[in-house]
Amino acid sequence: MAKSASTAATSLFQSLRRFIKKPWEITGVCSDPEYVEALPSALEYRVRCPATPKENPIVPTSNPETVYDIKYFSRDQRRNRPPIRRTILKKADVEKMMKEKTFDVNDFPPVYLTAKVEEDYNAIGGGYQK
């Protein structure tokens, strides 16, 4: 009896659903019999998770020269340089170095201005014309 009561209730509910419509299904675009819902159902929307690969990747592991090394530090070129040598100079060391060093004129860069600039003192108004 419980089964027949539940089937009767579902059939009554189905018949009421056919006659009682949502307000937007009575008029407008949604009332057309060819109207298809724009929103997909949950099963149509995402069949499989985007993070799962379609196929398992094949990574060569037999030959050591074909295996890709993912470690960053082995490819980092900044760490391949020799370490920087640091020396601490004391005042006695600097005085000794200065006594040993002799300065020559060629050790310094040449002077930019080698010719004398000639100015025209007869220019009225600093050279500007009216």
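Me: Why does F108 count as exposed?

Reply: This is a predicted model. In it, F108 has 51% relative accessibility. Exposed means over 50%, so F108 counts as exposed.

Me: What makes F103 count as exposed or buried?

Reply: The relative accessibility of F103 is 55%. Buried would need under 20%, and exposed needs over 50%. F103 therefore counts as exposed.

Me: How do you know that the rings of F103 and F108 pair?

Reply: A pair of aromatic rings is described by the distance of the centres and the angle of the planes. Take the distance here. The ring centres of F103 and F108 lie 6.2 Å apart. The cut-off is within 6.5 Å, so these rings pair. The count by this rule is one aromatic pair.

Me: Why is the pair of F103 and F108 called stacked?

Reply: Look at the angle. The two ring planes stand at 25°. Planes under 30 degrees apart count as stacked, so that is the name for F103 and F108.

Me: What makes up the lining of the largest pocket, by class?

Reply: Five charged residues, one nonpolar and no polar. The lining consists of R17, R18, I20, K21, K22 and E25. Ile counts as nonpolar, while Arg, Lys and Glu count as charged. The pocket volume is about 160 Å³.

Me: Which elements does the protein chain have, and in what order?

Reply: Four helices and zero strands. From the N terminus, the order is α-α-α-α.

Me: How much of the protein chain counts as buried?

Reply: 1% of its 130 residues. Buried means under 20% relative accessible area. The accessible surface of the chain is about 14,500 Å², with 60% belonging to carbon and sulfur atoms.

Definitions and conventions
Residues numbered from 1 in each chain as written. Predicted model: local features only at pLDDT ≥ 70, side-chain atom pairs only at ≥ 80, totals over all residues. Heavy atoms only, no water. Helix = DSSP H or I, 4+ residues; strand = E, 2+ residues; numbered from the N terminus. Buried < 20%, exposed > 50% of the residue type's maximum accessible area, 1.4 Å probe, protein only. Areas by Shrake-Rupley, 256 points an atom, 1.4 Å probe, with all protein chains shown as cover. Phe/Tyr/Trp six-rings, centres within 6.5 Å; stacked < 30°, edge-to-face > 60°. 1 Å grid on protein atoms, 1.4 Å probe; cavity = no way out; pocket = protein on both sides within 12 Å on 5 of 7 lines; lining within 4 Å. Points joined across faces, edges and corners; volume = space filled by probe spheres on them.
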